[in-house]
Amino acid sequence: MWVAALLLATLLGTGLVFLSPDRYAGKLAAAVSAVPALGSIYMYWVYLTQYGGTGNALLSPADIAFGQQIPWITLGELEVSYYVGLDGISMPLLALTTVLTTLAIVSAWTPIDERQSQFYGLMLFMEVSLIGVFSALDFFLWFVFWEGVLIPMYLLIGVWGGPRRKYAAIKFFVYTNVASLVMFAGLFALVFSTDLTSLSLPAMAEAFRTASGLPTIAGVNLMTISFIMMFFGFAVKVPVFPLHTWLPDAHVEAPTPVSVMLAGVLLKMGTYALLRFNFTMLADTARQLAVPLAIIGVVSVIYGAMLALAQRDLKRIVAYSSISSMGYVILGLVAFTPYGMGGATFQMIAHGLISGLMFMAVGVIYNTTHTRMVGDMSGLADRMPWTVGIFVAAAFGYMGLPLMAGFAGEYFIFQGSFNAPTLGGAAPVLTSLAMFGIVIVAGYLLWAMQRTLFGAFSLETDYEVSPAAFHDVAPLAVLLLLVIALGVAPDLSFAMIQDSISPVLEIGGGA
């Protein structure tokens with residue numbers, strides 16, 4: 001009932017915010033979003049204290065935490081149900097979603113000054129869909145939530161975005177919708193080739209693992225074709241090179257709170273789906289394709305970092321760095337080792353917090369200076385000390401500073417992938433190349449900070465620069481504390497993640 005309560009409370013709050021006057025919408029939305037945030041934090045605590053080591057929701061359904069299943073509809077011979085539940089993979093992502101949404105809504109109080117009830121209502125509607133994505137255990141239900149995220153994101157970019165907002169919104173919608181179609185076709189090719197009678201994810205995982213006698217197309221097994229189609233569909237959402245071109249446009253044109261949600265949570269939908277579908281349901285195929293997939297991940301790391309190095313817009317710098325960070329997640333997943341897959345999942349959480357913090361800090365700077373361009377401003381540290389101090393701390397977290405969440409996630413991935421059996425002799429080479437990405441990250445972040453934050457004060461725009469308001473700085477401080485907390489005590493989430501990853505590693509003999 002707990003997941004249903006989160007969904008219902010947020011959905012009812014969404015309707016209430018849509019109907020509220022603009023002058024109350026922001027505060028009301030923050031209060032509404034605090035309900036699922038506090039609820040998920042309580043569930044997180046209960047999971048840590050009462051559900052330790054429950055296993056994987058897809059591979060050991062008897063141990064699902066907060067599970068609920070109610071028959072819903074029948075699609076031909078396939079039963080569809082309202083089936084939700086959590087494990088050590090989805091629980092941290094659920095908490096990330098609810099907490100980051102609340103902070104993003106508070107960060108919107110300053111920049112959003114028109115159609116506020118509609119803006120905050122769409123933010124809450126997006127939260128409902130994201131809660132569903134990370135908790136649904138029936139494919140039809142999961143797909144409804146998955147597609148449901150597109151609607152508010154399209155409108156939030158297209159209505160409240162920058163000068164090229166319509167182009168960015170349409171590009172985002174087309175890319176992700178086509179990707180969903182390809183993924184759907186690949187998955188249902190397997191569904192119709194097995195004797196499935198239910199669309200529950202545990203049933204699908206069992207059917208796909210034991211499937212035999214599948215047809216071949218042009219000499220290629222259907223399992224491999226479906227894997228590639230599903231990987232394509234989810235990789236667009238991650239995104240990885242060369243499917244990334246929609247992301248910078250979406251980030252640059254989106255209002256800052258929407259960029260926070262896009263980088264902090266929506267990109268994790270892709271990596272979460274890859275872990276659940278490609279690397280759990282089709283684990284044997286993933287092992288066979290591990291080397292080319294790892295190459296895609298490493299290329300994304302280096303290419304995204306190099307693109308970031310060439311940017312002058314602070315938002316574009318952080319946007320391209322997200323492509324680089326998601327490449328690490330791909331490398332960790334294909335390692336099929338406890339530290340590799342566990343580190344990849346931990347990196348989803350760490351990157352969600354750090355990227356959200358970076359975008360939020362850039363937004364606070366933009367609210368004051370009305371520019372994001374490196375070279376248009378310098379010496380902000382004296383005028384905005386708290387904002388700049390947190391921005392610098394977040395940047396060092398992105399660079400992998402020890403005792404911060406980014407360091408822990410990257411270290412786990414490197415340790416898990418360096419001698420990964422699935423990568424054979426290529427493992428040390430690929431891991432070393434990925435590690436070089438950290439050097440590039442340090443280069444572009446230090447370059448950007450030195451030119452915008454320090455030195456003599458100057459500003460191309462004609463605006464008065466003063467310390468940001470408390471409600472602008474407070475969300476930054478909360479996110480920074482969470483980044484440090486996970487860096488100092490990674491087992492706050494890493495232990496439960498490893499408990500849920502272990503059953504995946506046992507498929508096909510483990511690693």
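The secondary structure of this chain comes to 20 helices and 6 strands, where helices (H or I, at least four residues) and strands (E, at least two) are DSSP runs numbered from the N terminus. This is a predicted model, in which local features need pLDDT of at least 70 and side-chain atom pairs count only at pLDDT 80 or more, while totals for chains, interfaces and linings use all residues. Residues are numbered from 1 along each chain as its sequence is written, and side-chain values use heavy atoms, with hydrogens and water left out.

I turn to overall dimensions. The C-alpha trace spans about 70 × 55 × 45 Å along its principal axes. For 511 residues, a compact globule would have a radius of gyration near 24 Å, and the 22 Å of the chain agrees with that; the radius is taken over C-alpha atoms, and the globule rule is 2.2 Å times the number of residues to the power 0.38. Of the 511 residues, 62% count as buried, meaning under 20% relative accessible area, with exposed over 50% and partly exposed in between (1.4 Å probe, protein chains only).

Next, the helix pair. The axes of H11 (residues 256-281) and H15 (residues 338-369) come within 7 Å and cross at roughly 170 degrees; axes are lines fitted to C-alpha atoms, for helices over the stretch in contact, and angles run from 0 to 180 degrees between N-to-C directions. The two helices are therefore roughly antiparallel, a term for angles over 145 degrees. Residues in contact (heavy atoms within 4.5 Å) include Ala263, Tyr272 and Phe279 of H11 and Met348, His351 and Phe359 of H15.

Finally, the backbone. Most residues other than glycine have a negative phi, and most peptide bonds are trans. Which peptide bonds here are cis? One runs from Val238 to Pro239, with omega near -15 degrees, and another from Phe241 to Pro242, with omega near 5 degrees.

Arg115, in the loop between H3 and H4, has a positive phi near 45 degrees. It is partly exposed, at 46% relative accessible area. His370, in the loop between H15 and strand E5, has a positive phi of about 60 degrees, and it counts as partly exposed at 35%.

Key. Parallel < 35°, antiparallel > 145°, perpendicular 65-115°, else oblique.
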